[in-house]
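This briefing describes the surface and the secondary structure of one protein model. Its points are grouped by topic after the structure.

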Amino acid sequence: MLDEDLPVNHAILGNLQDVFNLLPNLSTPKAAPVGGATNGVGASAGQAGAVDNGELARAMSIKTNDQLMAIYLSSLIRAITAFHDLIENKIQNKQQAEDKEAKKEEEAKEGDKDKKDDKATGEGKEGEKSKEKAKEEAKKKG
């Protein structure tokens, strides 16, 4: 708005003005008596009004601070909980990845074992066949 990139939205400005007008004015100065008269009765009535206003301002500040502290603590707890869940999720993902790798390694080892067993049994069969052929050839010759 200041750089004139966006147009001024008067509806939003009107709503903001209404919000600020509804807020209590807690920092009013002491009431000055006009001609010795105050809104109350007697000379101390003006001071009583100022004291009440000071107490009201203090009470409002305390209440606001308490509410803001509750909001701050709830936001902090929510952030910590979300951070904890994030860490737990990362640990679970890492564990699952390790389990998948272990399964793949086991399957690879089993596959290698099966191939070795096949080769061993195949070589054994071929060895037996060559022995049988040698015996048959020896019988034919002899």
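What is the relative accessible area of Leu13? Leu13 has a value of 38% and is therefore partly exposed, a class between buried (under 20% relative accessible area) and exposed (over 50%), with a 1.4 Å probe and protein chains only. This is a predicted model, in which local features need pLDDT of at least 70 and side-chain atom pairs count only at pLDDT 80 or more, while totals for chains, interfaces and linings use all residues. Residues are numbered from 1 along each chain as its sequence is written, and side-chain values use heavy atoms, without hydrogens and water.

**Overall structure**
- The protein contains 2 helices and 0 strands, taken as DSSP runs (helices: H or I, at least four residues; strands: E, at least two).
- Of the 142 residues in the protein, 2% are buried.

**Nonpolar patch**
- Val8, Ile12, Leu13, Leu16, Val19, Phe20 and Leu23 form a nonpolar surface patch with about 630 Å² of accessible area together.
- Such a patch joins nonpolar side chains (Val, Leu, Ile, Met, Phe, Trp, Tyr) within 5 Å, and like charges are joined within 9 Å; its residues have over 30% relative accessible area and no salt bridge (a side-chain nitrogen of Lys or Arg within 4 Å of a carboxyl oxygen of Asp or Glu).
- Leu13 belongs to helix α1 (residues 10–22).

**Negative patch**
- Glu98, Asp99, Glu101, Glu105, Glu106, Glu107, Glu110, Asp112 and Asp114 make up a negative surface patch.
- Asp112 is located in helix α2 (residues 45–141) and is partly exposed, at 43% relative accessibility.

How values were computed: Areas by Shrake-Rupley, 256 points an atom, 1.4 Å probe, with all protein chains shown as cover. Lys, Arg positive; Asp, Glu negative; His and termini not counted. Charge placed at Lys NZ, Arg CZ, Asp CG, Glu CD.
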